[in-house]
Amino acid sequence: MRWKETTYSGWGRAIKAHGEVARPEKVAALNAIMADAPAPAIGNRRSYGDTALNNGGQATDMTRLDRFLNFDFETGLLEAEAGATIGDILNTFGPKGWMPAVIPGTGFATLGGCIANDVHGKNHQIAGSFGQHVESILLVGAAGKPQRVSLKRNAPLFRATIGGLGQTGVILTARIRLAKCSGGTMAVQERRMADLDSFMDGFSESNAAYSVGWIDTTASGVNLGRGILEEANISTGEFSAPRKVRSIPFNAPGFLMSKPVIKLFNKLYMRRIPSDGRDRERPLNDFFFPLDRILNWNRLYGKHGFHQFQCVLPHDTARTKLTKLLEEISNSGLCSPLSVLKQLGAGRGGMMSFPMEGMTLAVDIANKRQAPALLARLNDIALSGKGRVYLAKDSSLDPAYLSGMNLELAHYRETVAKADPEAIFATSQSRRLNLRGDT
Ligand SMILES: Cc1cc2nc3c(=O)[nH]c(=O)nc-3n(C[C@H](O)[C@H](O)[C@H](O)COP(=O)(O)OP(=O)(O)OC[C@H]3O[C@@H](n4cnc5c(N)ncnc54)[C@H](O)[C@@H]3O)c2cc1C
């Protein structure tokens with residue numbers, strides 16, 4: 001297998017890694033790697049920080065192992081290689097009446113990445129997390145031999161793999177249960193929310209299958225927490241293929257993400273929606289993957305990149321802690337136009353899974369000098385509200401906070417140590433956070 005020495009990064013481009021990456025196209029080539037020099041798997045690197053990096057070591061890029069192996073049209077059970085993307089699954093099976101039960105905000109996320117981060121979608125309250133729809137996983141561990149794991153066959157290893165950030169081995173294939181897709185479009189209702197209270201009430205009163213909020217993180221005072229709530233249900237329009245993607249060919253200049261520009265952009269974006277709201281029919285791809293049409297939108301943050309902070313707060317602390325988070329972000333001048341508020345249910349598939357019943361806030365933060373201090377304050381506020389920080393997005397968490405995130409950390413560490421005693425699958429993030437508890 002050819003290893004290529006390269007410098008690469010996660011989606012935020014703020015943290016880089018240098019090392020050898022192999023990109024096997026055939027299972028035989030992957031097997032050769034696993035027998036000879038096993039290395040942690042990476043997908044399409046849509047995680048923002050250092051989750052999918054192995055600085056100074058090797059990594060196995062799984063994106064060419066992307067075949068569909070089996071599909072049962074009666075039950076919706078799909079077996080696919082780990083590099084298959086969520087977008088491919090939606091666009092292949094959607095027109096035939098089936099879709100992924102859980103869809104993250106980018107179609108470029110791979111099946112392996114969605115399992116390893118136990119991702120959530122805009123229907124988390126109803127559908128739970130991605131891992132809850134995984135029937136079984138073919139996992140290649142440190143010994144190089146594939147083994148099938150499921151809730152029935154080695155439940156601890158299965159639950160340490162779902163949301164387990166790649167630490168138990170390489171996911172070669174997985175069997176997932178697709179959900180019925182009753183139409184090719186989404187009926188979307190968009191309404192302006194005047195402030196945080198209205199926003200949170202809007203979420204709790206919503207009966208829609210899918211809901212998500214865009215939040216104006218430049219707003220302050222009486223407007224703090226204002227934004228747009230989108231509620232949607234699958235509708236019966238024709239399924240359409242994704243629209244042509246465009247690319248941003250260069251890093252944008254710094255002023256583009258300056259506070260006055262973003263404030264103005266957010267004000268206009270808010271006004272896009274009439275004061276009495278609007279209803280529209282949207283293609284599934286546009287609704288689920290609104291940012292995917294611009295291929296390298298992460299270049300908008302300039303050459304230094306950006307961080308994403310995402311946390312979830314339980315309902316009892318959400319209002320006060322979200323207020324504090326939004327005040328910090330708005331005062332910092334580092335906010336971005338891409339900020340999301342969502343409600344989550346309790347569903348989670350693994351020991352380290354992110355979801356918790358409550359509200360989740362995700363905010364992009366330009367990688368400027370003041371960013372580390374801001375991120376530290378945001379992490380503090382989230383943890384003081386008994387919340388969790390999403391490791392798929394993280395680049396800054398203090399390792400000491402892991403034990404306060406109400407994860408099944410001890411069980412995870414014990415299972416990972418058994419599966420990979422020599423830490424072959426350790427990554428930049430697992431070392432930074434001492435995820436495995438071995439340092
Ligand atoms: C625009 C955008 C919107 C997003 N929206 C959401 C959202 O709504 N909800 C949400 O939950 N997330 C969301 N994300 C985050 C994204 O869905 C996750 O980070 C996802 O895991 C990325 O998948 P990937 O294939 O790029 O994995 P990578 O980022 O490459 O890797 C992620 C982790 O998976 C492990 N991994 C990857 N493949 C394998 C494998 N075959 N075997 C074992 N381990 C593996 C890696 O080691 C790493 O730990 C979003 C990201 C973007 C850029």
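Author: Let us start with how a helix is placed against strands. Axes are lines fitted to C-alpha atoms, for helices over the stretch in contact, and angles run from 0 to 180 degrees between N-to-C directions. In this predicted model, helix α10 (residues 371-384) lies across β16, β18 and β19 and runs at about 10° to β16.

Reader: At about what angle to β12 does α6 run, and which strands does α6 lie across?

Author: Helix α6 runs at about 150° to β12, and α6 lies across β12, β13, β14, β17 and β18.

Reader: How should I judge which residues of α6 are buried?

Author: A residue is buried if 20 or more other C-beta atoms lie within 10 Å of its own, and exposed if 12 or fewer do. In α6 (residues 196-205), the residues L196, F199, M200, G202 and F203 are buried. Seen down the axis of α6, these buried residues fall within an arc of 155°, so they line one face of the helix. The face turned away from that buried side carries the exposed residues D201, S204 and E205.

Reader: Against which elements do the buried residues of α6 pack?

Author: They pack against the strands β12 (185-193), β13 (210-215), β14 (227-235), β17 (339-344) and β18 (358-366), and also against the helix α9 (315-332).

Reader: In what order do the strands of the sheet of 8 strands stand?

Author: The order in this open sheet is β15-β12-β14-β13-β17-β18-β16-β19, and the pairing is antiparallel. At the edges stand β15 (278-283) and β19 (388-389), each with a single partner strand, so one side of each is left without a neighbour in the sheet.

Reader: How many bridges join β12 to β14, and how many join β12 to β15?

Author: Strand β12 is joined to β14 by 9 bridges, and to β15 by 6 bridges. Both pairs run antiparallel. On the β14 side, A187 has N233 as its bridge partner; on the β15 side, T185 stands opposite P283.

Reader: What is the general rule for side chains along a strand?

Author: In a regular strand the side chains alternate between the two faces of the sheet.

Reader: What is the strand order in the sheet of 4 strands?

Author: This open sheet has the order β1-β2-β4-β3, with mixed pairing. Its edge strands are β1 (4-9) and β3, each of which pairs on one side only. Strand β1 pairs with β2 (residues 16-22) in the antiparallel sense over 6 bridges. Within this pair, S9 stands opposite K16, and Y8 stands opposite A17. The hairpin of β1 and β2 has 6 residues between the strands, and R13 takes a positive phi near 60° there.

Reader: How many of the 6 residues of β1 are buried?

Author: The count is 0, and β1 is hardly covered.

Reader: Finally, which residues are closest to the ligand, and which elements supply the shell around the ligand?

Author: The ligand is surrounded by 33 residues, the closest being G43, G105, G112, G113 and G166. At least two residues of the shell come from each of β3 (41-42), α3 (111-116) and β10 (170-177). Helix α3 gives the most, with 4 residues.

Notes:
Residues numbered from 1 in each chain as written. Predicted model: local features only at pLDDT ≥ 70, side-chain atom pairs only at ≥ 80, totals over all residues. Near = placed C-beta within 6 Å. Pairing = 2+ DSSP bridges. Arc of directions from axis to C-beta. Contact = placed C-beta atoms within 7 Å.
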